[in-house]
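These are my notebook entries on a structure that I went through element by element. I set out what I looked up and what I found in each case.

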Amino acid sequence: MINYFDPRNDIDLGTPERVSEVQVSLVIDGRSISVPGGTSVMRAAAMLGTSIPKLCATDSLEAFGSCRLCMVEIDGMRGYPASCTTPVSEGMVVRTQTPRLADLRRNVMELYISDHPLDCLTCSANGNCELQSVAGQVGLREVRYGYDGANHLSEQKDVSNPYFDYEPSKCIVCSRCVRACEEIQGTFALTITGRGFDSRVAAAGGDDFLSSECVSCGACVQACPTATLSEKSLVQLGQPERAVITTCAYCGVGCSFRAEMKGEQLVRMVPDKNGGANHGHACVKGRFAWGYATHPDRITKPMIRKRLEDPWQEVSWDEAVTYAASEFRRIQLKYGRDSIGGITSSRCTNEEAYLVQKLVRTAFGNNNVDTCARVCHSPTGYGLKQTLGESAGTQSFDSVMQADVVLVIGANPTDAHPVFGSQLKRRLRQGARLIVIDPRRIDLVDSPHARAELHLQLRPGTNVAMLNALAHVIVTEGLLAQRFVDARCEPEDFARWRDFVAQPDNAPDVLGPVCGVPAEQIRAAARLYATGGNAAIYYGLGVTEHSQGSTAVMGIANLAMATGNIGREGVGVNPLRGQNNVQGSCDMGSFPHELPGYRHISHESVRAEFEQAWGVTLQPDPGLRIPNMFEAALDGSFKALYCQGEDIAQSDPNTQHVTAALLAMECVVVQDIFLNETAKFAHVFLPGSSFLEKDGTFTNAERRISRVRKVMEPLAGKADWEATVALAGALGYPMQYRHPSEIMDEIARLTPTFRRVSYAELDRHGSLQWPCNDAAPDGTPTMHIDQFVRGKGRFMLTGYVPTDEKVNGRYPLLLTTGRILSQYNVGAQTRRTDNVAWHDEDRLEIHPSDAESRGIGDGDWVGIGSRSGQSVLRARVSGRVAPGVVYTTFHFPESGANVITTDNSDWATNCPEYKVTAVEVAKVFQPSEWQKRYQRFSDEQRRLLKERRQAEAAEVRR
Ligand code: SF4
Ligand code: SF4
Ligand code: SF4
Ligand code: FES
């Protein structure tokens with residue numbers, strides 16, 4: 001018998017789960033069951049294994065009661081109540097199958113079918129259509145009403161969305177799509193227009209789906225019980241044959257998916273309703289934008305070349321790794337042990353990041369390893385370690401459903417972490433109150449049925465001033481959680497901090513003008529955060545990517561401790577991590593000063609443990625960070641780099657500085673799925689594998705370790721971890737792993753917070769949140785419950801130091817950067833999908849008054865210049881930014897957003913100050929000099945790649 005309580009089964013119980021302390025007993029078709037109060041009769045029956053016919057109900061949506069197929073008989077109740085909208089009551093006696101019910105259901109079904117095309121054999125949903133199944137379930141054998149009367153059979157299809165079609169002739173107007181858009185996604189893009197016979201689904205705000213307010217999350221497609229809303233891939237490829245549960249490789253939400261396959265062909269990605277982070281929801285990237293994985297631009301053969309001007313030469317894996325290893329050794333012999341290093345990837349698996357840092361520390365013999373977290377969340381690691389004792393967020397995403405007040409600072413969840421954004425909006429619709437602190441009017445400030453009570457639109461670069469002003473109000477107005485502080489925090493550090501923030505210099509009246517925010521708004525925000533019940537802070541790169549990024553993170557932790565908002569559900573400090581595995585790559589020892597589990601390389605006992613396991617002597621001093629590698633390359637002491645799955649030439653600040661450093665190296669080894677911007681400077685190219693081609697794990701922003709499962713063979717013949725193993729072997733440090741599970745076993749042995757993690761345990765639990773060890777064998781959803789990881793929480797002083805990057809007459813505007821929903825990071829993946837339908841270029845947002853004073857109109861080409869460089873993009877005139885502030889994304893290399901950003905960085909971690917660059921903007925008519933050079937160089941590199949491809953084709957013909 002199927003265990004309906006097993007969270008891993010995928011059965012639709014008809015209506016959502018209810019949580020209640022009261023258990024209610026009833027009898028259904030002669031069988032007894034007890035369920036939580038508030039459960040529907042339909043769900044109770046399904047839990048007994050009795051499937052009541054239904055069309056408008058599904059367990060991801062609140063019951064609606066429109067189709068009338070689910071009627072039942074209940075003793076003492078008149079008529080035939082709908083089981084989906086009828087809650088259970090004590091002693092209830094229900095019959096779900098009687099001759100009368102069967103007749104009624106057949107009649108209802110007959111009406112549906114009489115206005116439905118009977119082209120089942122050629123329909124994309126054939127074999128997986130709820131309408132078809134229910135027709136069979138109710139025993140419909142004939143339809144007495146013909147097609148002669150009015151019907152909807154000739155309605156036109158809407159095929160405008162690149163990923164799904166809307167075929168209204170098949171619509172049964174069950175409203176599941178409308179409700180999915182409202183309840184799950186929170187976009188409210190769909191409505192039912194017209195009444196009765198004229199009812200139809202319409203996407204609001206446009207003539208068709210593509211031009212409407214729809215953000216293409218696909219929740220409606222998943223909810224639709226017919227083929228009305230269908231994935232185009234399903235229409236083209238037919239029904240899948242098998243499914244594999246895996247994890248999205250885009251953002252730090254870490255959604256779980258069923259990859260539905262037909263042979264080696266991926267048919268569609270369906271969010272897994274048992275996914276701990278996403279509960280069956282997804283966004284346009286994870287659900288639909290996977291076509292890049294088999295894009296013709298994929299490079300599947302290793303390549304080498306002596307000089308960047310040479311054509312690529314295709315070689316075997318053996319030749320490629322042997323050549324790379326010999327170059328690394330030659331360079332070390334000539335320039336010294338520390339002249340080479342590696343970069344781990346936050347897009348690759350934990351196991352792969354672990355192996356790269358292990359290779360650097362063992363085979364390279366130094367600690368010159370770093371990761372892209374350097375340029376995003378390294379201040380989170382530092383700031384939270386200093387204050388709380390652990391370099392990670394404190395909560396589960398689900399915790400937000402217990403929050404009464406949510407403070408979002410420097411984050412844009414609906415674009416960058418969309419599934420969490422939807423969950424947050426759900427909580428706001430339930431009544432939680434929202435404070436947004438951001439220089440830009442992000443969607444959350446004013447979205448349908450979810451509004452920010454306060455939007456503190458601060459000037460870029462003033463987060464620390466804002467946090468100090470908030471703290472000042474909390475301290476001086478007696479809003480401290482003194483009992484919590486006395487019990488849980490270091491008293492001396494607290495007293496020092498309290499006296500510091502209480503100083504008049506930190507008052508809103510003083511710092512409000514610095515931030516450009518009225519003092520009264522700051523006071524209101526502080527009072528709401530401190531006194532509004534459970535208060536949770538969510539923050540992103542708008543906090544970390546500053547010269548005081550680490551200070552701001554510590555300021556956030558101070559606020560949470562001062563108000564007692566930490567250590568339980570509904571509160572906490574929640575960094576929204578950018579890339580899919582940025583938490584994991586940090587956990588795995590990717591930083592030059594830390595071994596896996598954030599243990600400092602200088603600690604002798606820690607080193608001894610790894611030395612024994614790895615059979616080498618480890619260097620005791622931290623190695624080079626990424627910016628130090630660039631500096632060292634330019635001064636001639638750093639000559640070779642192994643870069644796995646990271647595009648530093650596009651993602652790191654001050655592009656011209658980065659590319660100069662790459663040009664100064666003698667051997668750059670890039671491992672990637674595409675010839676990315678960095679690979680254009682490479683001497684060895686090792687073809688990478690997409691997340692569909694390998695086994696492993698990712699760790700999301702809530703410390704959730706989830707399995708990545710191979711659904712197809714690696715196109716290049718090796719998964720990334722196998723390539724690293726081969727390279728280590730060629731360097732004379734053989735690694736013996738038959739499967740990534742063995743790498744995880746080694747990680748677990750050597751990392752206290754991972755001690756109980758294994759593939760078997762992950763399979764058993766679905767996913768696990770670290771720490772997962774003997775003290776917490778089922779993982780740790782909420783951290784710091786009884787005490788902080790460091791023992792007592794530590795308040796840190798957070799003096800505000802204005803950034804050196806200042807506006808002046810020459811550069812009077814401040815540029816800040818961010819992301820957009822449809823594109824991801826450097827865009828290498830999403831630019832190669834139909835997501836370009838929504839965003840095919842980076843635009844510069846500029847306030848109407850700044851645009852007008854410069855004669856700039858919407859869509860005009862504008863030159864943007866900073867102290868670092870110039871670029872040209874098109875303008876979007878928008879009131880989302882305040883006067884004096886401009887904003888852009890960085891998804892397209894040719895827009896050169898990082899040509900403009902400077903190499904100012906966080907004082908503690910070197911995280912670049914992407915969010916504050918003084919610029920001037922002017923209308924122009926031609927590309928910048930950098931863009932012309934970039935175009936010439938890129939064209940040349942593409943030509944060299946093309947020559948290699950032509951040679952390969954000629955070889956095949958011979
Ligand atoms: S795809 Fe998502 S946003 Fe668009 S209509 Fe469907 S549920 Fe709404
Ligand atoms: S499109 Fe699908 S989900 Fe929406 S009303 Fe029609 S049948 Fe129901
Ligand atoms: S991109 Fe993020 S929110 Fe979207 S499906 Fe993937 S993990 Fe989920
Ligand atoms: S399933 Fe209950 S009324 Fe439609």
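This is a predicted model: local features need pLDDT of at least 70, side-chain atom pairs count only at pLDDT 80 or more; totals for chains, interfaces and linings use all residues.

Entry 1. I searched the whole structure for disulfides and found zero.

**Entry 2. The shell around ligand 2.** Which residues come nearest to ligand 2? Of the 13 residues around this ligand, I listed Cys171, Cys174, Ser175, Cys177 and Cys224 as the nearest. Sorting the shell by class gave me nine nonpolar residues, three polar and one charged.

I also looked at Val173, which is in the loop between strand E5 (164-166) and helix H4 (176-185). Val173 is not a glycine, yet its phi is positive, near 50 degrees. With a relative accessibility of 28%, Val173 falls in the partly exposed class, because that class lies between 20% and 50%.

**Entry 3. The shell around ligand 3.** I found ligand 3 surrounded by Cys248, Tyr250, Cys251, Val253, Gly254, Cys255, Phe257, Cys283, Lys285, Gly286, Pro418 and Val419. Helix H7 (284-288) and helix H12 (418-429) are the elements that contribute two or more residues to this shell. By class, I recorded nine nonpolar residues, two polar and one charged.

**Entry 4. Helix H12.** Is H12 enclosed or open? Ten of its twelve residues are buried, so the helix is largely enclosed by the rest of the structure. The buried residues include Pro418 and Val419, and also Lys425 and Arg427. Just after H12, I noted a positive phi of about 125 degrees at Gly431.

**Entry 5. The nonpolar cores.** Which residues touch the most other members of the largest nonpolar core? In this core of 70 residues, they are Leu190 and Leu229. H12 supplies the largest share of the core, four residues. Apart from this core I found another, of 66 residues, with Ala640, Ala716, Val725 and Tyr733 among them.

I then listed the contacts of Leu229, leaving aside its neighbours within four places in sequence. They are Phe164, Asp165, Tyr166, Cys177, Phe209, Cys220, Val221 and Cys224. Two of these names, Cys177 and Cys224, also stand among the residues that come nearest to ligand 2.

**Entry 6. Helix H9.** At 1.5 Å a residue, its 15 residues should span 21 Å; I found the end C-alpha atoms 20 Å apart, which agrees. As 15 of the 15 residues are buried, H9 is largely enclosed by the rest of the structure.

**Entry 7. The loop with Asn910 and Cys911.** I next examined the loop between helix H29 (897-900) and strand E36 (917-923), in which Cys911 lies. Asn910 is found in the loop between H29 and E36 too, and has a positive phi of about 70 degrees although it is not a glycine. Is Cys911 buried or exposed? Its relative accessibility is 0%, so Cys911 counts as buried.

Not counting residues up to four places away in sequence, I found that Cys911 touches Arg374, Val375, Cys376, Ser378, Pro379, Thr544, Glu545, His546, Asn904, Ser905 and Asp906. I also took the distance from Cys911 to Leu815: the two are 96 residues apart in sequence and 17 Å apart in space, C-alpha to C-alpha.

**Entry 8. A cis peptide bond.** I looked up the bond from Trp770 to Pro771 and found it cis, with omega near 0 degrees. Pro771 lies in the loop between strand E30 (767-769) and strand E31 (813-818).

**Entry 9. Lys946.** Lys946 and Trp312 are 634 residues apart along the chain, and I found their C-alpha atoms separated by 9.1 Å.

Definitions and conventions. Residues are numbered from 1 along each chain as its sequence is written. Chains are lettered from A and ligands numbered from 1 in the order in which they are written. Side-chain values use heavy atoms; hydrogens and water are left out. A residue is near a molecule or strand if one of its heavy atoms lies within 4 Å of it. Ala, Val, Leu, Ile, Met, Phe, Trp, Tyr, Cys and Pro count as nonpolar, Asp, Glu, Lys and Arg as charged, and the others, Gly among them, as polar. The expected span of a helix is 1.5 Å times one less than its number of residues. Buried means under 20% relative accessible area, exposed over 50%, partly exposed in between (1.4 Å probe, protein chains only). A disulfide is a pair of cysteine sulfur atoms within 2.5 Å. A nonpolar core is a set of buried Ala, Val, Leu, Ile, Met, Phe, Trp, Tyr and Cys residues joined through side-chain atoms within 4.5 Å. Contact means heavy atoms within 4.5 Å.
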